[in-house]
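Please consider the following points on the ligand site and on one helix residue. They are set out in numbered order.

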Amino acid sequence: MISPADASREASTTRPIILLVGAAGAGKGTQATLLASQLGLLHIATGDLFRAALRDRTPLGEQARAFMERGDLVPDEITIRLVGGAFARPEARAGVVLDGFPRTAVQAEALDASLAGSGDRLSHVIALDVPEEALVARLSGRWSCPTCGTPYHTTFDPPRRHGICDREGSALVQRDDDREEVVRARLAKQGPPMREVIAHYRQKGLVRDVDGSQPIDMVTAAVRAAVAG
Ligand code: AMP
């Protein structure tokens, strides 16, 4: 028999599973990367996993390609399979920062059920909020170097020479889905299901809201405070 004290000790030692939720461009990737490295957790970013699968032309990537190019969500069944694979990695044993998943209520329920099956649960849900016009400005100005990966922004962090990487001299490239018309389509299509995910976890009392339009270091501090609380 597990006494209540043992049970609470056990609950307090379950691995952290932190979800960052917010629209494309809200800063989930930046904050999730920082949080994962500071806390020694595995960062699972479904957008990055899908882009890698596309680049490597895996069967899963080929199934996702057309949806991603239109700015649509990839169907739940494919996405849930992708995340299952990431959770099975040994680095996930210490805990996980989820970035970009779940993005629909069906994905949220699948995640909850799968975590419950392994004796886990989400420890924190952090909702990053940024007004839509700021998201469009952030995303549609994003470019990066195809050689070294350095990110730039046409307004907030431009290269010294327009369109050219400062380090490599390569011509900068833009993600297909960061073109302004695709950005607007992504926000319009992906906003309603994301709000359902936030409502799902708000109902469970798990959501902490963070103003994602503040300067990055203030967002980072607010995220750390939310995770510590
Ligand atoms: P992101 O880099 O997070 O903006 O994701 C890029 C694209 O990958 C999205 O526009 C979707 O097409 C796809 N994607 C990423 N995560 C998910 C998810 N949880 N569910 C469905 N599609 C996703």
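1. An oxygen atom of the ligand lies 3.0 Å from an N or O atom in the side chain of Gln190, a polar contact in the sense of a pair of N or O atoms within 3.5 Å. The protein covers 96% of the 480 Å² of accessible area that the ligand has on its own (Shrake-Rupley method, 1.4 Å probe).

2. This is a predicted model, in which local features need pLDDT of at least 70 and side-chain atom pairs count only at pLDDT 80 or more, while totals for chains, interfaces and linings use all residues. Residues are numbered from 1 along each chain as its sequence is written, and side-chain values use heavy atoms, with hydrogens and water left out.

3. Around the ligand there are 17 residues, of which Thr46, Asp72, Gly100, Arg103 and Arg186 come nearest (a residue is near if one of its heavy atoms lies within 4 Å). The shell divides into five nonpolar, six polar and six charged residues, Gly being counted as polar. Helices α3 (46–55) and α8 (180–203) each supply at least two shell residues, and α3 gives the most, with four (helices are DSSP runs of H or I, at least four residues).

4. Gln31 belongs to helix α2 (residues 28–39). Gln31 counts as buried because its relative accessibility is 4%, the limit being under 20% with a 1.4 Å probe and protein chains only. Beyond its neighbours within four places in sequence, Gln31 is in contact with Leu20, Leu128, Ile216, Val219, Thr220 and Val223 (heavy atoms within 4.5 Å).

Definitions and conventions. Buried < 20%, exposed > 50% of the residue type's maximum accessible area, 1.4 Å probe, protein only. Polar contact = N/O pair within 3.5 Å; in protein donor to acceptor, adjacent residues only side chain to side chain.
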